[in-house]
Amino acid sequence: MKSTIALVDGNNFYVSCERVFNPALHRRPVVVLSNNDGCVVSRSNEAKALGIKMGVPFFEIRSFVKSHGLRWLSSNYALYGDMSSRMMALLGEFAPRQEIYSIDECFLDFTGMPEKTSDYGRSIRSRVRQYLGITTCTGVGASKTLAKLANHVAKTHPQHQGVFDWEELSATEQNTLMATLDVGEIWGIGRRLSPQLQAMGIRTVLDMKHANATQLRKRFSVVLQRTVAELNGESCMGLEDIAGRKSQILASRSFGRPVTALHELREAACSHIIRAAERLRAQQSSCSQVTVFMHTNKFRNDDPQYNPAALVPLTTATDDTRRLIAAAVSGLEGIYRPGYRYKKIGVMLTGLQPAHAVQEDFFCALERPRATRLMTAMDRINRIYGMNTATFAGAGVNQPWRMQTAQKSPSYTTSWNELPRAG
Amino acid sequence: MNPANTPSRKSSPSRRIPIGVPLSPALNPDRQALPLGACRVTAGFPSPATDHIEQRLDLSEYLVLHPEATFFLRVKGDSMTGAGIHHGDLLIVDRSLSPASGRVVVAALNGELTVKRLQRSRGKLTLKAENPAYPDIAVNDEHEFQIWGVVAHVVHTP
């Protein structure tokens with residue numbers, strides 16, 4: 001059967017989440033900044049209208065604060081994560097299969113659905129808007145690539161009111177529309193590939209649809225050959241059901257300022273391990289390797305550069321934060337060199353396996369049940385009373401290296417102490 | 001789920017329950033409250049209640065019917081005391097409910113969230129306080145106004 005795939009996403013997702021709980025942000029330009037308040041990662045339509053581009057450094061647009069009443073916020077991932085999981089749960093009710101693709105978008109399988117998909121897209125839109133206060137756009141097509149592109153059309157052509165399905169156009173109309181869309185709008189093409197394609201005369205989506213797939217495969221990769229097939233309505237990439245256990249867990253963050261001292265790096269590594277280990281236990285895995293990596297700021301040409309990494313194998317797989325911290329710290333101490341200004345440190349847990357299948361060794365077997373009880377108790381306390389209520393001193397208290405989130409909104413939906421107020 | 005954390009009806013009475021007591025039995029976010037009567041017996045007769053173990057009541061099951069659409073808000077001020085809503089109370093707001101006339105709602109009014117009783121008559125919307133010290137607000141085009149959600153329950157600590 002021919003596939004029908006929808007891509008649904010939340011518009012201006014981070015800004016929309018902020019607006020739900022702070023109505024004063026409506027009808028004015030608003031941006032959310034990346035970690036460390038560096039770059040713009042989400043914009044309201046009013047901010048887009050000012051010409052503010054995605055990814056621009058905040059200092060370039062700071063003057064809009066005075067001149068146009070621009071409001072800016074630090075990113076509040078506790079809020080976006082919770083709103084995302086609510087939205088995904090609601091969207092999942094609209095189709096038998098769902099693939100959560102990112103924090104604000106998912107694919108839904110509409111194959112064989114009797115209803116008119118655009119009506120269906122509109123009921124999704126009104127449901128999510130009412131329940132969560134977030135506006136969605138839906139794009140529908142015979143493949144994931146077409147669904148992504150349809151979503152772009154739904155967003156940029158207001159006459160579709162946020163829902164667009166290729167199948168509601170005739171073949172000629174489809175081609176006419178595709179001829180107006182830049183090749184860079186195709187999923188997976190982006191800024192890197194589009195100049196090369198344009199040099200080959202492939203400028204629009206229609207050019208790509210009619211391109212010689214075999215030639216593209218030879219010149220680039222099988223991925224582009226698949227893209228061409230997908231643009232022609234042949235579904236080559238199925239929906240991946242909700243990702244099961246992750247095969248690696250990464251936790252890393254840039255510092256709020258350059259860090260040089262070992263003790264600060266140690267605190268940061270600990271604090272990343274604590275988060276990574278929580279995620280590890282949440283998916284009931286243990287890990288057998290810990291990697292620590294750090295880097296200096298590659299944009300500072302006059303700074304000496306150093307980007308080391310250390311992999312520390314564990315004798316037996318574990319999910320005990322204490323053992324993981326010890327491993328990370330020993331790795332860090334091995335690679336640390338004074339005299340560098342570090343910008344970022346991260347940890348990665350690999351060699352993941354189901355926690356219950358861990359091969360015991362004689363000494364650990366004695367210690368293990370106690371460790372499990374301790375970790376379970378800590379996770380519980382932190383779930384109920386908020387993140388880091390019970391934590392490890394190694395992560396430091398004041399954490400002066402932490403990134404700045406000068407304008408972070410409250411954790412409206414995940415902390416009893418920060419609930420929104422109604423007068 | 002780790003089977004060790006979910007004591008089943010059939011588990012032998014002498015088995016120890018690992019990490020037993022939920023820290024907060026009501027409104028427990030992970031809803032893993034232990035079954036009523038699952039007690040720890042290490043010797044002697046098994047508890048006669050073992051055959052009658054049922055799930056302990058979970059307050060969020062009663063208060064939160066649509067978890068995705070439900071948000072908690074804190075009351076500020078005394079404009080709704082007549083409706084039994086006091087400063088500091090917890091509002092359980094269910095956005096999936098339709099804001100019928102007469103219901104207590106949270107509304108976004110001129111950039112702030114406010115809790116009032118909604119009244120619809122002849123196409124006009126009024127937000128009524130339940131305290132004579134506060135005037136009614138007749139919603140008009142000058143207002144930036146949106147109904148945010150319907151108050152399903154109020155949690156009050158006397």
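1. Contact means heavy atoms within 4.5 Å. Keep that in mind for chain B. There, residues 24 or more positions apart account for 51% of the contacts with a separation of 6 or more.

2. This is a predicted model, in which local features need pLDDT of at least 70, side-chain atom pairs count only at pLDDT 80 or more, and totals for chains, interfaces and linings use all residues. Residues are numbered from 1 along each chain as its sequence is written, chains are lettered from A and ligands numbered from 1 in the order in which they are written, and side-chain values use heavy atoms, with hydrogens and water left out.

3. Chain B has 1 helix and 9 strands. Helices (H or I, at least four residues) and strands (E, at least two) are DSSP runs, numbered from the N terminus. Along the sequence, the pattern is β-β-α-β-β-β-β-β-β-β. Of the 158 residues of chain B, 34% count as buried. Buried means under 20% relative accessible area, exposed over 50%, and partly exposed in between (1.4 Å probe, protein chains only). Chain B exposes about 9,400 Å². Carbon and sulfur atoms supply 54% of that area. The areas come from the Shrake-Rupley method with a 1.4 Å probe; for residues, only the protein chains shown count as cover.

4. Now the cores. A nonpolar core is a set of buried Ala, Val, Leu, Ile, Met, Phe, Trp, Tyr and Cys residues joined through side-chain atoms within 4.5 Å. The largest one has 48 residues. Met83(A) and Leu91(B) have the most contacts inside it. Helix α5 (residues 77–92) of chain A gives the largest share of this core, 7 residues. A second, separate core has 39 residues, including Ile274(A) and Leu280(A).

5. What does Leu91(B) touch, not counting residues up to four places away in sequence? Its partners include Ala422(A), Phe71(B), Ile85(B) and Val154(B).

6. Look next at α1 and α5 of chain A. The axes of helix α1 (residues 13–21) and α5(A) come within 10 Å and cross at roughly 95 degrees. That makes α1(A) roughly perpendicular to α5(A). The cut-offs: under 35 degrees is roughly parallel, over 145 roughly antiparallel, 65 to 115 roughly perpendicular, and the rest oblique. Axes are lines fitted to C-alpha atoms, for helices over the stretch in contact, and angles run from 0 to 180 degrees between N-to-C directions. Among the residues that meet are Phe13(A) and Cys17(A) in α1(A), and Met83(A) and Met87(A) in α5(A). The contact residues divide into 10 nonpolar, 1 polar and 1 charged. In α1(A), 9 of its 9 residues are buried.

7. Lys144(A), Thr145(A), Leu146(A) and Leu149(A) of α7(A) meet Thr227(A), Glu230(A) and Leu231(A) of α12(A).

8. Is Leu280(A) buried or exposed? At 0% relative accessibility, Leu280(A) counts as buried. Its place is in helix α13 (residues 262–282) of chain A. Leaving aside neighbours within four places in sequence, its contacts include Ile249(A), Cys287(A) and Leu352(A).

9. Thr296(A) lies in strand β10 (residues 285–296) of chain A. At 2% relative accessibility, Thr296(A) counts as buried. Leaving aside neighbours within four places in sequence, its contacts include Pro304(A), Tyr306(A) and Tyr342(A).

Technical notes: Nonpolar A, V, L, I, M, F, W, Y, C, P; charged D, E, K, R; others polar.
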